[in-house]
Amino acid sequence: MRRLRRQGPAPAVGVVHLGLGAFARAHLAVYTDEVDATGWGICGVTQRSATVRDQLAPQGGVYGVLTGGHVRIVGAVARVLDGSTQVAAVLDLLADPRVTVATLTVTEKGYRRTASGGLDTADPDVRADLAGRPPVTVVGRLVRGLQRRAAADAGPLTVVCCDNLPANGAAVERLVGDFCAALPSAEGDAVGSWIATHVTFPSSMVDRIVPATTDADRAEAAALTGVRDEGLVVAEPFSQWVLEDRFAAPRPPWERTGVQLTDDVTPYEVMKLRLLNGVHSTLAYLGALRGHRTIADAVADPALRTVAEGVLADLAPTVPPPSGVDLSVYGETVLARFADPGLRHTCVQVAMDGTQKLPQRLVSGVADALAAGRVPRYATLGVAAWMAYVALGRDAAGRELPLDDPRAADLASVRGRTDAAAVVDALLRLDAVFGPGLRDDVRWRDALVEDVKSLLSGSTTP
Ligand code: CS2
């Protein structure tokens, strides 16, 4: 079968994107593709492996997005660089005056943050980037690229974080500042003050469910289009992007393609992280423990649907609703999206990187509820399910559950343990996940121990 290929010229590159995973291809690139302008092509940079470059380069960057039996061909990715071997080209692009926006989807763990949200300067990759090798980390790449941009006097640029972190723009701005501060002082001061006057970091809330692409998806798309597409991504019909309107330089006119520009993204971010992602993670851990393969299977299980509704009810009072949004309608929509049987989003995919996800998805909402005087029973069960997933490492049928987490070494001591109190106390000590206030809340700790105990004893019905 013929391979999908670009017809005609690629758009000129105006956006550089770090972390060209499936999500960015189904979200940012689709919005950008709809912008009717030729100057807003994306140069996508793969962050850790060359696979996406190897899939897309022979197709001229063109790929399809499979949604509910329909394939949409996307041409916005004009060029793809392999971040592991083409670092100099990435830095040159960040210093190119025609590039005025840098977007990021490197996942939570890509930022190398400490428990308090600063740059982890003890991380070996961060240290090596600071010492001056061709940078590997996203923050190292940004700062080294911006140093070149300052030297080239190439003008202002906007950095748009599109990862699921609270106040994601401010979070990246802080990390960039920390990197500059850790450089030799004259060098760090020079780039730091250039960034302060030439670069902005608007926050954004991004939302689209994009499961990993399977061979079956590629076969389905090929049957629909008659061409082979190695870069195919799969996505649900829903898509949302709320973006803080704080750009330092020209940007694609995304508002024409449905992006909501706003002065304050915070209420949207908190709502999405807690009411969508918090419920997603809860379903992922409990679903995996009960032997469900996908999130759709999990939410179709009446016991787990009750839990999902309970998490929504627990966390909604901790969310200041964005203007005009009814949180109960939002929650129902979220559950309907999870129930989409066509998505085949696996529980173990969502379960990955729990230490990076739990704080903003479940723990911060639990802390707010406790501060308001109540123990949020279902959100607590979500946290307990993560603990049981880590400790048990097996589902109800005895099948192994993968522990895919950058802090897997810190979790190893509880793997295989059956004493609920010991598991809870060991995991509560992880600063990166739980703050001291929570750890010392006896009511909450007791509720967790009770839930973990029943999950460890094989009772997966809450
Ligand atoms: C999911 C998200 O994998 C996960 O952790 O919760 O990727 C989720 O699908 C997206 O945030 C939806 O916008």
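Helices here are DSSP runs of H or I with at least four residues, numbered from the N terminus. This is a predicted model, where local features need pLDDT of at least 70 and side-chain atom pairs count only at pLDDT 80 or more, while totals for chains, interfaces and linings use all residues. Residue numbers start from 1 along each chain as its sequence is written.

**Domains**

- The protein is assigned domain 1 (13-262) and domain 2 (266-456), with bounds that come from an automatic or database domain assignment.
- Between the C-alpha centres of domain 1 and domain 2 there are 28 Å.
- Nonpolar covers Ala, Val, Leu, Ile, Met, Phe, Trp, Tyr, Cys and Pro; charged covers Asp, Glu, Lys and Arg; the others, Gly among them, are polar.

**Ligand**

- Around the ligand sit N164, D207, R208, I209, N277, H280, Q349, V350 and K357 (C-beta atom, placed from the backbone, within 6 Å).
- Two or more residues of that shell come from each of α10 (266-289) and α14 (347-351).
- Sorted by class, the shell around the ligand holds four polar, three charged and two nonpolar residues.
- Domain 1 and domain 2 both contribute to the shell, so the ligand lies between them.

**α10 with α12**

- α10 packs against α12 (residues 302-315) at an angle of about 150°, and their axes are 10 Å apart. Axes are lines fitted to C-alpha atoms, for helices over the stretch in contact, and angles run from 0 to 180 degrees between N-to-C directions.
- R274, L275, G278, V279, T282, L283, L286 and G287 of α10 meet L304, V307, A308, V311, L312 and L315 of α12. That contact has ten nonpolar residues, three polar and one charged.

**α15 with α16**

- The axes of α15 (residues 354-371) and α16 (residues 377-392) come within 9 Å and cross at roughly 150°. That angle makes α15 roughly antiparallel to α16 (under 35 degrees is roughly parallel, over 145 roughly antiparallel, 65 to 115 roughly perpendicular, the rest oblique).
- This time the crossing of α15 past α16 is left-handed.
- From α15, the contact uses G354, L358, L362, V363, G365, V366 and A369, and from α16 A379, T380, G382, V383 and W386. There are eight nonpolar and four polar residues in the contact of α15 with α16, and no charged ones.

**α18 with α20**

- α18 (residues 420-428) and α20 (residues 442-456) pack at about 125°, with axes 8 Å apart, which means α18 is oblique to α20.
- α18 passes α20 in a right-handed crossing.
- A420, A421, V423, V424 and L428 of α18 meet R445, L448, V449, V452, K453 and L456 of α20. By class, the contact of α18 with α20 has nine nonpolar residues, two charged and no polar.

How values were computed. Left-handed = near helix turned anticlockwise from the far one by under 90°. Contact = placed C-beta atoms within 7 Å.
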